[in-house]
Amino acid sequence: MTRTYQLTFLVGLKSGILDPAGQATRNVLQHMEYAVQDVRIGKWIRVAIQADNAEHALALGQEMGQRLLSNPVMESFEVTVKAL
Amino acid sequence: MSDHTAQPTVGIIVFPGSNCDQDTVLAIQALGARAVVLDYRLAELPPVDFLILPGGFSYGDYLRSGALAAAAPIMDAVEKSAASGMPVLGICNGFQILCERGLLPGALLPNPSGEFICQWQTVRVVNAPKGFETMADGTVLRLPIAHHDGSYRVAEGQLASLFEHGQVFLQYSDDKGGAHALVNPNGSVANIAGVSQGSVVGLMPHPERAMAQYLGSDDGRGFLAAWLGLRGNVEC
């Protein structure tokens with residue numbers, strides 16, 4: 001019996017990888033006089049998927065994150081699961 | 001203000017990543033006006049009569065198209081000038097910047113097709129805003145569009161108010177001025193291609209790229225001449 005789970009991915013550049021979008025945004029925030037030290041910009045991805053249980057959904061999420069949703073060369077990701 | 005008896009002066013703001021600024025300078029000069037290029041870091045404007053935010057990809061479209069340029073130092077001065085009635089025109093990325101700044105209503109989202117759209121497009125004037133008095137409502141213009149984030153949207157419930165307040169300037173249309181889904185290139189709500197608020201106007205098409213028939217259309221010349229308040233024959 002499968003049910004629907006919601007996977008939420010946060011994908012971002014690995015620390016140490018240059019993030020021009022984050023730097024430009026940091027500079028503008030600093031210009032706006034916020035004492036911002038660093039900005040990193042990534043992606044937020046939400047996926048609805050049928051799975052046997054939460055562990056199964058999370059395992060599929062790990063697989064999707066590695067195979068498509070992130071580029072393991074320069075990005076890392078986190079995935080969380082919740083039943084819908 | 002510059003001397004109104006002489007040529008009008010148009011300030012063209014260059015942000016990092018603007019790339020239509022020189023085309024816009026040439027278009028303004030072709031109409032007999034003076035063009036001055038303004039750096040985005042300026043805190044105050046030199047004497048100008050008009051302002052243009054040209055097209056391009058300011059700040060590489062980082063965060064959201066136009067979002068970072070909307071907070072550039074010069075934008076405080078732009079906002080002040082707009083409040084005092086100076087005509088401000090945003091073309092493509094300039095339109096996105098003015099929306100992000102809140103000087104124009106709405107927002108421009110990525111095209112639903114996911115594609116960068118670069119093509120000729122007809123648009124019709126729905127409601128000629130202040131500054132475009134010489135352009136009759138219903139006029140159909142042939143202008144190029146070139147954008148990835150051109151899908152115009154407004155907050156829920158805001159669309160009727162835009163029409164009621166005469167803020168809908170241009171709609172994507174067919175050659176006869178019919179605005180319907182088949183001629184909507186980017187999923188913009190109500191086919192909206194341009195809006196206005198007070199003396200501020202924004203549009204996705206590029207009038208500065210339609211300055212002569214040999215380029216495919218000279219409707220951009222008429223458009224910019226109307227905005228500058230020029231009448232009669234304009235020298236090519």
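The largest nonpolar core of this predicted model has 71 residues, and those that touch the most other members are B:V10, B:F15, B:M75, B:L89, B:Y152 and B:F223. A nonpolar core here is a set of buried Ala, Val, Leu, Ile, Met, Phe, Trp, Tyr and Cys residues joined through side-chain atoms within 4.5 Å, where buried means under 20% relative accessible area, exposed over 50%, and partly exposed in between, with a 1.4 Å probe and protein chains only. Helix α5 of chain B, residues 219-227, gives the most to this core, with 5 residues; helices (H or I, at least four residues) and strands (E, at least two) are DSSP runs numbered from the N terminus. A second, separate core has 10 residues, among them A:F9, A:V47, A:I49 and A:F77. In soluble globular proteins, nonpolar side chains tend to be buried together.

Helix α5 of chain B is largely enclosed by the rest of the structure, because 7 of its 9 residues are buried. These are B:G220, B:R221, B:F223, B:L224, B:A225, B:A226 and B:W227, and the helix is followed by B:G229, whose phi is positive, near 75°. As for B:F15, once its neighbours within four places in sequence are left aside, its contacts (heavy atoms within 4.5 Å) include B:Y40, B:L53, B:A72, B:I74 and B:M75.

A charged residue can also be followed into the interior. B:D49, in the loop between β2 (34-39) and β3 (50-53) of chain B, is buried yet has no salt bridge, and the nearest side chain of opposite charge, B:R34, is 6.3 Å away. For charge, Lys and Arg count as positive and Asp and Glu as negative, while His and the chain ends are not counted; a salt bridge is a side-chain nitrogen of Lys or Arg within 4 Å of a carboxyl oxygen of Asp or Glu. The side chain of B:D49 does, however, reach the backbone nitrogen of B:T9 at 2.7 Å.

Elsewhere, the structure holds 6 salt bridges over all chains. One of them joins the side chains of A:E63 and A:R67 (3.9 Å, N to O), which both lie in helix α2 of chain A, residues 54-69, and are 4 residues apart, about one turn of the helix. In chain B, the side chains of B:E100 and B:R64 meet at 2.9 Å, N to O, and this pair links distant parts of the chain, with B:E100 in helix α3 (residues 93-101) and B:R64 in the loop between β3 and α2 (74-83), 36 residues apart. A further salt bridge brings together B:R101 and B:E79 (2.9 Å, N to O); B:R101 lies in helix α3 and B:E79 in helix α2 of chain B, so the pair ties together parts that are 22 residues apart in sequence. Salt bridges that share partners join B:D76, B:E79 and B:R101 into one network.

Between the two chains, the contact takes 8 residues from chain A and 7 residues from chain B. The area buried there, meaning the accessible area (1.4 Å probe) that two parts lose on being put together, summed over both, is about 590 Å², of which carbon and sulfur atoms give 83%. Across this interface the rule finds 0 salt bridges.

Residues are numbered from 1 along each chain as its sequence is written, and chains are lettered from A in the order in which they are written. Local features need pLDDT of at least 70, side-chain atom pairs count only at pLDDT 80 or more, and totals for chains, interfaces and linings use all residues, while side-chain values use heavy atoms, leaving out hydrogens and water.

Notes:
Polar contact = N/O pair within 3.5 Å; in protein donor to acceptor, adjacent residues only side chain to side chain.
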